[in-house]
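Morning, everyone. Please bring up the sequence and the model on your screens. I'll walk through a few places in turn.

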Amino acid sequence: MSYRAPVSEMLFALRHVSGLEGVDPDDAQAILTEAGRIAADVLAPLNRVGDRHGTRFEDGRVTTPPGWREAYATFTAGGWNGLSADADHGGQGLPKAIEAACTEMWSAANLSFGLCPLLTQGGIEALAAHGSDELKARYLEKLVTGEWPATMNLTEPQAGSDLALLRTRAEPTGDGSYRITGSKIYITYGEHDLAENIVHLVLARLKDAPAGTRGISLFLVPKVLPDGSLNDLRCSGIEHKLGIHASPTCSMAFGDNGGATGWLIGEANKGLACMFTMMNAARLGVGVQGVGVAEAATQKALAYAAERRQGKAIGAAEATSPIIAHPDVQRMLLTMKAYTAVSRGLCFLTAAALDAAHGPEGRAAHDRASLLTPIAKAFSTDIANEVASLGVQVHGGMGFVEETGAAQFMRDARILGIYEGTNGIQAIDLTARKLPLNRGATARSQIAWMRRAAEGLLKNADPAFGQMAPRLRAAIESLDRATSHQLAALGSNRPEAALAGAAPYLRLFGLALGGACHARAALASAAALKGGETDPAHRARIALARFYAENLLPAVSGLEDAVLAGGAFTEDGALALAV
């Protein structure tokens, strides 16, 4: 069974969960339908090819798997690389929410391929927001069309996630350019054969720059210089990885022969703020990757469960039944579907907030997007790992061998919780930086939005809702209490108490917010049924929302306890003792 984009579910979530604005519904359907065709017909057939073939490295050159170059040419020719980019630079000017839906498709069909345009999207945003007019004129349109893809060069062998330890150097040449020397690792698509030029965004230090992250600057360092000559940079090797085999993960060397030529983006020593523009875009994109992998793993598990016959289901007349008829398999499949729908809702909500930040809401929507981004990234990628693992379990022994393809989803998904800031870093970001926004008012506003969804369930009582309303209300109250605890710990100068519960707090937030997303979907489906619509997808959404509320949402009470206990565990030194 090959991947098919769930266009109707995406459109429903965009409209009824995230509140899509700024695009005609018919246009949205046409765009997603065509994107789904590209994903299914062009990218998905290459997924197993890429996994088995991988990338090749020889004499400093990286060769992508068979079919990759042709697929990339088709992708860029269709204008898919610049969906949300400004039309003045060759983009489509579409909402980020539409771009998120398309990114889900690319990721579901072929995660390794989708990484290349994902990084370029972040590069476009960083250059558009912080680049000089000269740099934008020279590079932005090429990035938007995808003729020249972009990379993000942060990590160094000795630094890892601690950017304060960066050693790469930049020296001014006197003509407005800089000489860049140093080494970077884990550079996605740092070298490849998809394009003639690659635009590297590189973090480096100027001479006499302040210590730590305050002394980092951002530079644009192209593979090919404006005069057509090759820059002084090279790929020194590629990693052999657990998954995403077809995505070249490169080690990069800058300045073997005196220094690679680069140009400053933004202000000197303010590079981290510029790079965070790219990273925040990438973090949402990685969350959407998680949705895509979860969706693809779910589709494959459903198809296998419908075909595989084993045992006799209770009440069945035949000697053997498809395993999808067995209650425990149904539980696993429903869990996969429910979590995937939650992750999609969280990511679409985040993308919609980014879109709203450019409208009348302005700063309030920007802050909401800032709050939601670490949740969307961490929760959705954790879910991708859990759903992919369940997919292997549904397949049984056949899931553990490579023949079915279920194992690839599990291998590919594992990186999602690590790159673009580990999920532990996302939890720290949520608790230490995003939760205190506006003295906690941004988080409280999101909780109020969730309460309105719960109130909608109560006002529109439907027997099909089961215990959705009380379970969602209980989850929201757990989140409210945990939020008060985290804010109090931060306000009383006990950051260690808040950070000890940061990971369970993020999970709690995601689960509760996911309950509100399911509630909004159920309410919209119930209204459609009352209005005379007969689409069976409406009843399926209500049933899935009820399953989530009654079977998965109760986990928030234990997470609340973990948040509170985590803080207490740090105060008496027991945590350090146990470690």
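Start at L119, which sits in helix α6, residues 111–130. A word of caution: this is a predicted model. Is L119 buried or exposed? Its relative accessible area is 6%. Buried means under 20%, so L119 counts as buried. Now, which residues does L119 touch, if we skip those up to four places away in sequence? They are A150, M152, T188, M278 and E420. Next, find T103, 16 residues from L119 along the chain. Their C-alpha atoms are 11 Å apart.

T103 takes us to a helix pair. T103 is one of the α5 residues that make the contact with α8. Helix α5 covers residues 96–109, and helix α8 covers residues 271–307. Two packed helices are described by the angle between their axes and the distance between the axes. Here the axes come within 7 Å and cross at roughly 50 degrees. That makes α5 oblique to α8. The crossing is right-handed. Who makes the contact? On the α5 side, A100, T103, E104, S107 and A108. On the α8 side, G285, V288, Q289, V291, G292, V293, E295 and A296. By class, that contact has six nonpolar, five polar and two charged residues.

Leave aside its neighbours within four places in sequence, and W106 is in contact with A35, I38, A39, L43, F75, W80, L111 and G114.

Look at helix α9, residues 327–356, and helix α18, residues 536–552. Their axes are 10 Å apart, and the helices pack at an angle of about 100 degrees. That makes α9 roughly perpendicular to α18. Which residues meet here? From α9, we have R331, L334, T335, K337, A338, Y339, A341 and V342. From α18, L544, F547, Y548 and L552. The residues of this contact divide into nine nonpolar, one polar and two charged.

To recap the two pairs: α5 is oblique to α8, and α9 is roughly perpendicular to α18.

Terms used
Residues numbered from 1 in each chain as written. Predicted model: local features only at pLDDT ≥ 70, side-chain atom pairs only at ≥ 80, totals over all residues. Heavy atoms only, no water. Axes fitted to C-alpha atoms, helices over the stretch in contact; angles between N-to-C directions. Helix = DSSP H or I, 4+ residues; strand = E, 2+ residues; numbered from the N terminus. Parallel < 35°, antiparallel > 145°, perpendicular 65-115°, else oblique. Left-handed = near helix turned anticlockwise from the far one by under 90°. Contact = heavy atoms within 4.5 Å. Nonpolar A, V, L, I, M, F, W, Y, C, P; charged D, E, K, R; others polar. Buried < 20%, exposed > 50% of the residue type's maximum accessible area, 1.4 Å probe, protein only.
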